[in-house]
Amino acid sequence: MARKIRVLIAKPGLDGHDRGAKVVANALRDAGMEVIYTGLHQTPEMIAESAVQEDVDVVGLSILSGAHMTMFPRVMELLKQKGAEYIKIVGGGIIPEEDVGRLEALGVAKVFGPGTDTRDIVAFIDKNFAHTA
Amino acid sequence: MFEENPVQEIDFTTVSAEPVEPLYGPDSVAGLDYMRDLGFPGEYPFTRGVYPTMYRGRLWTMRQFSGFGTPRDTNGRYHYLLDHGQTGLSVAFDMPTIMGYDSDHPRAEGEVGRCGVAIDSPRDMEILFDGIDLSRITTSMTINAPASILLAFYLCTGEKKGARFDQMGGTIQNDILKEYIAQKSWIFPPEPSMRIITDIMAFCSSQLPKWNTISISGYHIREAGSTAVQELAFTLADGFAYVEAGIAAGLDVDDFAPRLSFFFNAHLDFFEEIAKYRAARRIWAKRMKEKYGAKDMRSLLCRFHTQTAGCSLTAQQPENNIVRTAFQGLSAVLGGTQSLHTNSMDETLALPSEKAVRIALRTQQIIAHETGVINTIDPLAGSYFIEAKTREMEEQAEDYFRKIDELGGVVKAIEMGFFQREIGRSAYEYQKAVERERKIVVGMNRFRLEDETIDIPILKIEPEVEIEQRNAVRKVRADRDNDKAARELARLKAAAQGADNLMPVILDCARCYCTEGEIIETLKNVFGEYQEPPIF
């Protein structure tokens with residue numbers, strides 16, 4: 001039987017808006033994934049450490065504070081340093097269109113903006129990160 | 001009638017999923033007693049309004065929440081808004097300021113000036129209010145854990161400009177309980193946080209007669225996904241907790257209660273919101289009188305600011321947000337708000353542009369000057385629907401008060417995650433309702449535009465802001481008398497360890513240009529830091 005997809009949902013930086021992160025976490029759990037939620041006010045170091053410790057397949061970063069161009073690259077850099085580049089990044093929050101392009105060019109797998117249907121997030125993760133038996 | 005006339009197959013519920021009857025009539029308000037349940041505006045139980053003349057005497061304050069970039073940037077926006085007819089100021093701080101970090105702290109990196117204005121020291125506050133007379137305008141500051149510090153910075157700034165403490169009017173949000181519940185910008189644990197709040201209450205009751213010490217908030221609870229009843233009940237429960245804390249700290253209820261104020265959301269369901277505000281006034285007045293024995297009429301008044309619901313806006317077809325905001329602003333006025341912020345159409349994308357905030361302000365001005373709704377007080381009173389809904393929400397709130405009491409009170413309920421779970425569940429259920437199209441969001445799950453391009457100006461915060469702020473705070477530290485600053489911080493530490501009122505000591509720190517980060521760090525060493533268990 002295929003291993004369940006493991007997802008870390010993380011809130012980097014000082015941003016305290018966790019409604020979306022929790023809704024996504026619930027949706028992924030209801031869809032049968034293993035979800036770990038870091039809680040708020042995480043540094044990139046804490047997130048990368050949790051991702052490796054929890055042996056996740058995907059990290060979802062939720063950020064509404066405008067600090068995404070600092071936080072996303074920092075998390076990705078730290079995962080690379082830990083030899084965990086195989087852990088993919090997705091994200092959401094308030095991220096302007098032009099930054100979405102820049103983030104995806106840096107290697108973020110997908111940015112899910114306001115109004116995203118959680119079923120689309122589930123489908124994307126299922127399609128791209130599922131383990132084969 | 002309903003057998004022969006088919007009804008649509010849609011959900012006839014409020015945005016909070018509350019069922020609504022097709023028709024309300026005399027039966028719906030059986031037992032309603034005008035003098036007991038409604039009264040006159042400005043008279044107990046204040047259902048119809050906190051003041052006798054309401055908008056016939058004075059319009060609500062038009063108070064747009066704003067702040068971005070450097071203090072100079074925001075000062076420019078304040079002058080713009082005042083020139084365009086705004087009547088009160090409202091400060092939005094950036095995340096480092098909200099969380100107690102100076103702009104050059106490692107945790108501030110990438111965050112300076114992005115969600116609001118960066119304020120590190122009284123010097124920044126002086127720039128923020130350059131050209132503004134603090135003895136003649138009131139200012140609301142959305143700041144919670146560090147509220148004592150920003151209040152001290154504001155008072156120092158006023159002092160420097162020749163304003164007296166008894167002339168300065170405004171509000172600090174300073175509602176730490178809702179931080180643990182919803183907004184999540186805490187620093188210290190609950191006990192020392194409540195001590196700071198009662199210190200502020202005591203200080204203001206003698207020194208700052210025109211200052212609202214807390215803006216007991218439901219806005220953020222609602223934004224986090226709660227229903228209207230949860231917003232109403234959790235906000236008022238927090239209010240009762242502050243009253244009890246003030247009394248436990250040895251204050252007379254009438255010494256501090258007149259300066260407690262409230263802050264509600266104006267969400268999409270038009271009538272549910274109006275009923276909510278009316279229920280809030282009635283509940284607060286009754287409890288303050290019957291349970292807490294308040295004798296001063298002003299202690300019974302649920303005076304409130306309202307902000308239209310940010311979470312109801314869409315990133316798709318943002319111009320539609322102007323329409324949403326207009327309806328929401330109207331519901332707040334029909335509900336008797338004392339002050340109002342109307343959101344800008346672009347706030348799902350960025351902080352408001354000048355054009356967007358001007359339209360938001362004009363929305364209020366059109367309500368005030370063109371619609372005629374201000375001509376009479378509480379115009380919807382007596383409506384079968386509104387009175388039934390007001391009573392229903394009051395009863396539903398009372399159910400929650402009982403539940404919270406059973407759990408041992410607000411702080412205990414917070415520790416158990418009660419509010420957080422209620423809110424999280426409501427948020428998730430709403431999301432599912434939208435995804436199943438039980439709730440329609442125009443432009444998002446219905447009436448979409450494929451391949452939409454955003455055609456409105458979007459505010460950008462440049463990286464230079466962070467560099468400028470870092471340099472500015474370093475200069476403040478270099479230029480001040482550092483021996484004096486160190487002495488005042490040491491005095492603060494001793495005061496925090498003891499029982500003395502912290503406000504005068506924080507003021508002394510502010511006067512010698514201690515930074516916010518330094519003051520918070522000193523207090524953190526004594527009070528510790530709060531950690532939330534990450535439940536979802």
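**Sheet, contact and helix**

Analyst: In chain A, five strands make an open sheet with parallel pairing, ordered E2-E1-E3-E4-E5. Strands here are DSSP runs of E with at least two residues, helices are runs of H or I with at least four, and both are numbered from the N terminus. Two strands pair if DSSP finds at least two bridges between them. This is a predicted model: local features need pLDDT of at least 70, side-chain atom pairs count only at pLDDT 80 or more, and totals for chains, interfaces and linings use all residues. Residues are numbered from 1 along each chain as its sequence is written, while chains are lettered from A and ligands numbered from 1 in the order in which they are written.

User: Which residue in E2(A) stands opposite Ile9(A)?

Analyst: Strand E1 (residues 6-10) of chain A runs parallel to E2(A), joined by four bridges. The residue of E2(A) opposite Ile9(A) is Tyr37(A).

User: Which element gives the largest share of the side of chain A that touches chain B?

Analyst: The contact (C-beta atoms, placed from the backbone, within 7 Å) takes 27 residues from chain A and 32 residues from chain B. H1, helix H3 (68-81) and helix H5 (118-129) of chain A each give two or more residues to that side of chain A. The largest share, five residues, comes from H1(A).

User: What does helix H17 of chain B reach from its first C-alpha to its last?

Analyst: H17(B) covers residues 418-435, 18 residues in total. The expected span is 1.5 Å times one less than the number of residues, which gives 26 Å here. The reach is close to that, at 26 Å.

User: Which helices of chain A do the buried residues of H17(B) pack against?

Analyst: Buried means 20 or more other C-beta atoms, placed from the backbone, within 10 Å of a residue's own. In H17(B) the buried residues include Phe419(B), Ile423(B), Tyr430(B) and Gln431(B). They pack against helices of chain B, including H10 (228-248) and H16 (410-415), and in chain A against H1 and H5.

User: What ipTM does the model score?

Analyst: Chain B averages a pLDDT (the predictor's confidence in each residue, from 0 to 100) of 97, and 99% of its residues score at least 70. The model scores pTM 0.97, and its ipTM is 0.96.

Key: Two residues are in contact if their C-beta atoms, placed from the backbone, lie within 7 Å. A residue is buried if 20 or more other C-beta atoms lie within 10 Å of its own, exposed if 12 or fewer, and partly exposed in between; C-beta atoms are placed from the backbone.
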